[in-house]
There are 2 protein chains.
Amino acid sequence: MAGRRGQATRQKLLTCLDEMLSSSPYRDVRVIDVARRAGTSPATFYQYFPDVEGAVLELAEEMSKESSSLSELATDRQWTGKAGWQTAEELVDGLLSFWRENDAILRVVDLGAAEGDKRFSKIRTKVLNGITGPLADSIGKLQSKGKADPDISPAAVAGSLVSMLASVAGQQKAAQSWGAKKSDLKPNLAYLLYLGVTGRKPSR
Amino acid sequence: MAGRRGQATRQKLLTCLDEMLSSSPYRDVRVIDVARRAGTSPATFYQYFPDVEGAVLELAEEMSKESSSLSELATDRQWTGKAGWQTAEELVDGLLSFWRENDAILRVVDLGAAEGDKRFSKIRTKVLNGITGPLADSIGKLQSKGKADPDISPAAVAGSLVSMLASVAGQQKAAQSWGAKKSDLKPNLAYLLYLGVTGRKPSR
DNA sequence: TACTTGTCCTGTCATGTCGTCAGCTTACCG
DNA sequence: CGGTAAGCTGACGACATGACAGGACAAGTA
């Protein structure tokens, strides 16, 4: 589809778009600005992408591939005793830093999904399901061993917990306004995560 | 500042803007479309608002006033036994329907806040703190009675729980993709809320 | 080095939105 | 009914969009 030079230009446009998204509101990102920043012209941009949204989708796709590393933080993990607490802490930590590294694109994906755009929903689902799936499995296993409330739906609980983490991660700046110290955030998220999965208070 | 007729036009523009936000992506909402829908001209729009964002802020401000009704769902509530379970259910119910009624403006507020715009952060904080505040108080009281984990931060836990509810509420369409039934959502959110506040499984 | 070929980039243009101003219309009051 | 102020709009320059044709460039050939 495109040669070596073309690929480079295309990639540069994507990189510059990502920078623009980080520094200015999504609504105000213009093709002409992205092109200028990449040292090229709007016409070139349109050669590779149908519009800003199209290019954003590419960025999101890239990001969703990298998100597979998040799955590892939730698959085949211990959820009992101190090991369980460590699992919770690592999961919170991993998710928070992934969100910090990709905050610009993630908030646009969130918006797109909330607006009902299937393409964005799909990507958001892929990222979140990477964690929600294994987490639901863990809850299911605890249930079958009688170690978790049998009345809950593993999928709904896992999904809600991951939503919580993602939402707090996406609004980290605003979080202080609750009156909570910044350092309080991680341990308390881990607490809620552990509590939600196991139904018991963590033994730290 | 403005007479009777002016107020009416202004309000009509806001209403039409709200409708536009519900039916098309925020990024694509144009002044000219809002004006046309209101049966007036772009010039009139600019007489009342500096730009689309400015008008959206007005809408958000209105919404944040209505959100005070949410506070009542969390102030002076019982959190023990069956009464506690009812409190949780009512809070989840109230929040979910408030979000359903105001989803368009709420997602724009979320975006603005995530992008670091103080004006939107302030509004988001006002809406969420209406619940987070009283909820944190309840947790604090439980703590002082020895009925909740003394090591947690009431503010951080309350904030995270409310974030969870808000986030799930904002992505209700996407929620099915977890593999959870729609009817599972509410009871499981109430379960997590009760669990987070009290540290114990609910007695339904 | 000169020529050829296919890839890649850009100047330019028609279309449409933005945001402003002067001037016109409407409602209200004496 | 005429005057006044509030409210609305046509029109305009500036700018973004998206399409195309043609120019610039790298790489291979002789």
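Which feature does UniProt place at residues 7-67 of chain A? The record, an unreviewed entry, gives "domain: HTH tetR-type" for that stretch; such annotations may be inferred rather than shown by experiment.

## Basis of the model

This is a predicted model, in which local features need pLDDT of at least 70 and side-chain atom pairs count only at pLDDT 80 or more, while totals for chains, interfaces and linings use all residues. Residues are numbered from 1 along each chain as its sequence is written, chains are lettered from A in the order in which they are written, and side-chain values use heavy atoms, with hydrogens and water left out.

## The annotated stretch and a helix

Residues 7-67 of chain A are 75% helix and 0% strand. The end C-alpha atoms of this stretch are 23 Å apart. Helices (H or I, at least four residues) and strands (E, at least two) are DSSP runs numbered from the N terminus.

In chain B, helix α9 covers residues 154-170. Its 17 residues should span 24 Å at 1.5 Å a residue, and the end C-alpha atoms are 24 Å apart, which agrees; the expected span is 1.5 Å times one less than the number of residues. Because 16 of the 17 residues of α9(B) are buried, the helix is largely enclosed by the rest of the structure. Buried means under 20% relative accessible area (1.4 Å probe, protein chains only).

## The largest pocket

A pocket is an open set of points on a 1 Å grid over the protein atoms alone, with protein on both sides within 12 Å along at least five of seven lines; lining residues have an atom within 4 Å of a point. The largest pocket holds about 840 Å³ of space and is lined by 42 residues. Nearest its centre lie A:Asp110, A:Leu111, A:Ala114, B:Asp110 and B:Gln171.

Elements of both chains each supply at least two lining residues, including α8 (118-144) of chain A and α9 of chain B. By class, the lining has 16 nonpolar, 12 polar and 14 charged residues; Asp, Glu, Lys and Arg count as charged.

## Enclosed cavities

A cavity is a set of grid points where a 1.4 Å probe fits but cannot get out. There are seven cavities of 30 Å³ or more. The largest cavity has a volume of about 80 Å³, and its lining includes A:Tyr26, A:Phe120 and B:Tyr26. Helix α7(A) gives the largest share of that lining, three residues.

The second largest cavity has a volume of about 70 Å³. Among its lining residues are A:Arg124, B:Gln171 and B:Trp178. Four residues, the largest share, come from α8(A).

Methods:
Buried means under 20% relative accessible area, exposed over 50%, partly exposed in between (1.4 Å probe, protein chains only). Grid points are joined across faces, edges and corners, and a volume is the space filled by probe spheres set on the points.
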